[in-house]
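This report concerns salt bridges, domain contacts and chain contacts. The structure is shown first, and the discussion follows.

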Amino acid sequence: MTAAAVTSRPRALTYGNVWLSAVLLGVMALYPFVFGKSLNFGVSTLLLAGFAMSWNILGGWAGQLSLGHAALLGIGAYTVTLFAIPERAPAWLGLAGPVAPWWGALIGMALAALLALVWGRLTFGLRGSYFTLSSIAVALIIRLVVINEDFGGGAEGLFMPDLPKLFGLDLFDRHVEYGLAFTFVALTLLVTHLLRRSRLGYALQAVREDEDGARALGIDPTRMKLAAFVLSAVLTALGGSIYAIYLQAFEPHTLLELPLSVQIALMAIIGGRSSIQGPILGALLLAVFGEVFRNVFANANLLIYGVLILAVTLFAPDGLSGLFKRRGSKLGTNR
Amino acid sequence: MDPNTLALFQTLAQGLLTGGIYALIGTGLSLIFGVMRVINFAHGDFLAVGMFIALFLFQRFHLDPYLSLLIAAPLGFGLGYLVQRFLLARLGDRLESSSLLATLGLGLILSNGLLLGFGAQPQSINVAYATQTFKLGGVQISLPLLVAGLGTLLAIGLLNLFLYRTELGRAVRATAQNPLGAELQGVNTTWVQAVVFGLGVAFAVVAGVLLLPLLYAFPTVGENYTLKAFVVTVLGGLGNLPGAIVGGLILGIIESLGAYYLSNNYRDAYGLVVFLAVLLLRPEGLFGRTVKRV
Amino acid sequence: MKRTLLSLTTLLLAGAACAETINVGAITSLTGRFATFGKMQKAGFQVAIDEINAAGGVGGNKLALLLVDDASDTNKALSAAEKLLNQKVPLIIGSYSSGITKPLSQYMARQKVPLLVATAVDETITKPGNAYTFRVNNQSSVYSRSLLDLFKRMNDTKAGTIKTVAVLTSNDAFGKSVYTDVTTLFTKAGYQVVSKDTYDQGLTDFRPILNRYKALNPDAVLLASYEQDAVAVAKQVKEVGLAPKVIAGIATGFALPNFLDGAGSAADNMLVAMVWNPDVIYPGAQNLYARLKKALGGEEPSQHAAQSYAAMLAAAAAIKQGGSDPEKVREALTKISINTAFGPVKFRNYGGYQNQNAVVGLITQVQGGKFVTVAPATAAKGKLVMPKK
């Protein structure tokens with residue numbers, strides 16, 4: 001990371017740095033050793049952080065506010081489970097038996113990529129809020145199909161069957177699940193870091209700042225957005241398949257609801273769309289806050305999301321991490 | 001008449017009246033968009049606020065919900081006015097997405113505030129006319145549903161008078177067409193925008209009050225109606241008021257006929273599918289009149 | 001977070017200090033969209049605990065209720081379970097809904113600690129394969145079976161002939177479970193299911209589908225829905241002029257006392273399938289009703305409160321035999337047999353279920369603004385009233 005490279009980038013995306021990511025990963029890696037008795041909270045929080053990171057590739061980098069990511073998460077969860085259930089897997093593709101979850105996850109990611117391609121191709125022609133509206137509609141239609149048709153167990157959902165061991169590890173051991181969730185977050189971080197240095201990353205920034213200008217530079221905005229959508233979808237589906245293993249039983253009513261999509265998006269935005277680690281910070285902050293104040297706000301746990309998102313749009317468009325950074329650069333500690 | 005034909009007529013009539021309520025909600029949303037290019041994600045939550053105002057007045061003072069309109073509508077207007085004046089106006093000319101996020105946050109605050117205040121438990125009021133019906137050539141129509149339909153007509157009529165017969169209405173139209181031009185002509189657009197947001201919210205609140213005798217109030221009731229309002233306004237073309245009215249009626253009829261003849265399981269999907277189709281094929285709405293400034 | 005951990009450790013130490021109390025873990029939805037039911041569960045737990053402690057506790061030890069709210073959220077329920085297991089509870093009762101209970105039962109089985117289910121009715125919960133899940137309440141098909149019994153009796157005694165039915169349920173796990181029961185069991189019993197439909201929760205316009213029923217004119221219309229929709233659908237049945245011989249609501253939303261308030265006269269003569277009502281002839285039912293009502297601060301208790309009460313009694317019985325060791329408690333649960341004001345509790349393997357209490361389904365009818373039990377004859381005092389045509 002040379003100084004010249006940093007200054008040549010637009011302000012918004014310059015201040016992700018590898019050190020902060022390393023510190024974050026270190027903290028997350030230490031968690032199970034310190035809080036070994038609160039692993040359920042740890043796993044679900046890491047998954048949310050990973051979802052927020054994945055969302056941000058589309059929502060932050062490509063500037064396309066999706067409120068339909070629950071559908072992509074659901075594709076990951078459903079695919080890995082359906083392929084692992086002996087009675088269902090062979091019926092699908094004439095397979096001899098159940099498919100191991102790691103292959104199932106890959107299939108889910110491929111399906112999510114496919115969906116993102118079609119979904120994006122249809123709706124990226126729409127500008128601004130229209131894309132957001134369409135993302136809600138698409139996700140809700142998918143939700144209704146899953147609830148009403150029998151291929152995914154309908155409204156009663158699915159149970160995860162016994163799974164083969166991965167390198168001798170029991171996938172239902174919470175420590176192993178924590179490791180999977182950690183790997184997922186680490187992967188989203190890695191992808192985001194790589195994206196930042198890639199042509200795609202530059203092109204996306206250009207499109208986000210000025211779509212017509214980017215087109216004049218020979219960048220095809222729809223293609224770039226599609227690439228971001230596919231990347232975002234693939235990662236979200238991966239997280240979704242880990243989530244399914246963690247839950248072991250799920251229903252469309254817990255996985256495919258609009259509030260989950262909204263929660264993922266808001267975590268990322270509150271944390272900061274334009275910094276690399278912002279979504280993780282947002283997810284960690286909101287999850288810890290929700291847990292600590294669960295008795296105060298249990299009834300209205302999204303209230304804090306509402307207050308924060310309003311505060312962020314009014315006073316800190318770069319999210320909470322933007323606030324720290326601004327102060328940081330003023331103090332000269334950041335560069 | 002044979003039972004099937006009768007059922008068809010009854011379904012159509014009820015669909016039309018339900019559509020009337022959608023039209024009322026959609027008109028408010030479209031009005032706000034037309035003037036400020038803001039898609040109000042809190043629209044359904046304002047409707048929920050209306051329901052709870054009427055519920056509160058009924059439970060505390062035994063005030064008939066229809067009478068409580070006289071209190072709820074001005075309250076809604078005031079709430080909307082303040083929200084625009086002191087929250088949304090501060091966003092200035094920032095990205096369109098920031099007003100989307102701000103209203104989304106506002107909606108969460110409203111619905112969760114109602115949760116804290118009234119609890120999650122659904123509450124309904126039991127007024128004598130709640131299940132009253134009358135027959136019109138064999139077709140059975142609910143009284144409160146008809147009142148809601150008539151209320152919509154009245155509200156939209158009044159809005160028309162306001163827009164086309166008053167000085168302020170002219171200012172609103174001018175601001176919608178060209179904010180800068182209106183400003184140059186001496187229109188206080190900041191004020192006009194606050195008035196418009198107030199009106200839009202008042203429409204949602206009125207719809208909520210009219211719905212209370214038909215349904216029940218619970219804090220997250222708005223989510224569904226926000227979506228319906230989106231569908232209605234996109235059908236009619238964002239910012240197109242007559243379009244929103246027709247859009248509402250169309251949605252009501254599509255849903256009713258779809259649920260009757262196709263499948264009730266996908267009732268909510270019919271509107272969404274039409275919505276997507278219109279968005280993709282005719283983003284300016286079914287009735288043209290492009291509002292491309294998005 | 002560190003502070004939470006510290007306070008948790010102090011709690012643990014405090015728990016170890018006074019060995020005379022045995023903690024029983026419970027998870028339910030005190031807040032969120034299932035809050036109404038969570039409140040009922042809490043009252044049931046508390047009444048049972050008070051009764052047990054007043055009678056000298058379990059083997060001389062007092063029982064203490066560790067109740068955690070899951071805010072109607074799966075992830076919160078899972079972290080609540082972990083919290084309770086850290087406090088070494090010998091078993092957990094919970095949660096309210098099927099959607100939350102299923103992941104919970106999987107988790108508890110992995111941790112090898114028994115889960116007592118008191119309210120969730122999804123059929124799959126007590127399907128074989130999970131030795132740690134025990135269900136005090138009924139599986140959903142009990143409702144359909146007891147309606148079938150009643151219809152058969154009506155047909156036999158010529159009290160009214162039922163041949164065709166239409167069924168409308170919510171599209172969540174509970175609703176779909178009932179939907180499947182009705183479509184399979186009623187068809188098997190020779191009834192014609194003329195229309196089978198689901199609706200999305202929170203959707204509040206049932207008119208088109210009710211109009212279709214009106215045109216199809218079935219003998220019976222069966223409905224299943226969560227609380228808010230029950231009121232709306234009952235009102236709209238009246239509004240569209242749908243008047244079949246029988247309208248039956250199946251538990252959940254219809255079995256709540258506030259359904260009666262909300263629906264008013266629209267509920268008159270409706271049948272409601274449930275598993276407990278204060279007027280059943282189990283000994284102590286009236287007394288339990290009075291105590292639950294007191295615990296609810298004067299509010300009418302629903303069957304969910306009684307089910308939770310019975311679950312807590314079952315938990316106490318198992319702890320009495322098994323002590324604080326989860327494995328021994330699990331073994332004890334397979335053996336206990338108690339009689340409660342909710343009815344007998346004994347976990348059996350039968351009819352394709354594992355560790356399932358065989359609960360008698362009741363049919364009540366709304367008469368004079370109250371639920372009156374009208375079937376089965378072995379549990380009922382009231383008489384079925386046919387609607388006047």
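In helix α5 (residues 141-156) of chain C, C:D156 and C:K152 are 4 residues apart and are therefore separated by about one helical turn. The model is a predicted one. The two side chains form a salt bridge, with the closest N and O atoms 3.3 Å apart. Both partners lie in the open: C:D156 is exposed, and C:K152 is exposed as well.

**Salt bridges**

Over all chains, a search of the whole structure finds 24 salt bridges. Side chains of opposite charge can pair when their charged atoms come close.

| Pair | N to O distance |
|---|---|
| C:D205 and B:R267 | 2.6 Å |
| C:E299 and C:K39 | 3.2 Å |
| C:D156 and C:K152 | 3.3 Å |
| A:D162 and C:R110 | 3.7 Å |

The side chains of A:D162 and C:R110 meet in a salt bridge at 3.7 Å, N to O. This pair crosses between chains: A:D162 belongs to the loop between β1 (158-159) and α8 (174-197) of chain A, while C:R110 belongs to helix α4 of chain C. A:D162 has a relative accessible area of 64% and is exposed. C:R110, with a relative accessible area of 32%, is partly exposed. The 64% of A:D162 lies over 50%, so this residue falls in the exposed class. The 32% of C:R110 lies between 20% and 50%, and therefore this residue is classed as partly exposed.

Within chain C, a salt bridge of 3.2 Å (N to O) brings together the side chains of C:E299 and C:K39. C:E299 has a relative accessibility of 31% and counts as partly exposed. C:K39 also counts as partly exposed, at 28% relative accessibility.

**The two domains of chain C**

The domain assignment divides chain C into domain 1 (2-138 + 282-357) and domain 2 (141-274 + 362-375). Their contact takes 18 residues from domain 1 of chain C and 17 residues from domain 2 of chain C. Taken over C-alpha atoms, the centres of the two domains are separated by 30 Å.

How much area is buried between domain 1 of chain C and domain 2 of chain C? The value is about 1400 Å², and carbon and sulfur atoms give 56% of this area. Between these domains the count of salt bridges is 0, whereas 2 residue pairs are in polar contact, both residues at pLDDT 80 or more. On the side of domain 1 of chain C that touches domain 2 of chain C, at least two residues each come from α2 (35-54), α4 (98-111) and α11 (303-322) of chain C. By class, this side of domain 1 has 6 nonpolar, 7 polar and 5 charged residues.

**The interface of chain C and chain B**

In the contact between these chains, 39 residues of chain C meet 35 residues of chain B. The buried area is about 2900 Å², with 46% given by carbon and sulfur atoms. C:P208, C:K235 and C:E239 together supply 20% of the area that chain C buries against chain B, more than any other three residues.

Which polar interactions does the rule find across the interface of chain C and chain B? There are 10 residue pairs in polar contact, both at pLDDT 80 or more. The rule also finds 1 salt bridge across this interface. C:D205 forms a salt bridge with B:R267, and their closest N and O atoms are 2.6 Å apart.

On the side of chain C that touches chain B, α2, β7 (192-199), α7 (207-216), α8 (227-240) and α9 (257-263) of chain C each supply at least two residues. The largest share of this side, 9 residues, comes from α8(C).

**Chain A**

The secondary structure of chain A comprises 17 helices and 2 strands. Chain A has 335 residues, of which 62% count as buried. Among contacts in chain A with a separation of 6 or more, residues 24 or more positions apart account for 79%.

Key: Residues numbered from 1 in each chain as written. Chains lettered and ligands numbered in written order. Predicted model: local features only at pLDDT ≥ 70, side-chain atom pairs only at ≥ 80, totals over all residues. Heavy atoms only, no water. Domains from an automatic or database assignment. Contact = heavy atoms within 4.5 Å. Buried area = accessible area lost by both parts, 1.4 Å probe. Salt bridge = Lys/Arg side-chain N within 4 Å of Asp/Glu carboxyl O. Polar contact = N/O pair within 3.5 Å; in protein donor to acceptor, adjacent residues only side chain to side chain. Nonpolar A, V, L, I, M, F, W, Y, C, P; charged D, E, K, R; others polar. Buried < 20%, exposed > 50% of the residue type's maximum accessible area, 1.4 Å probe, protein only.
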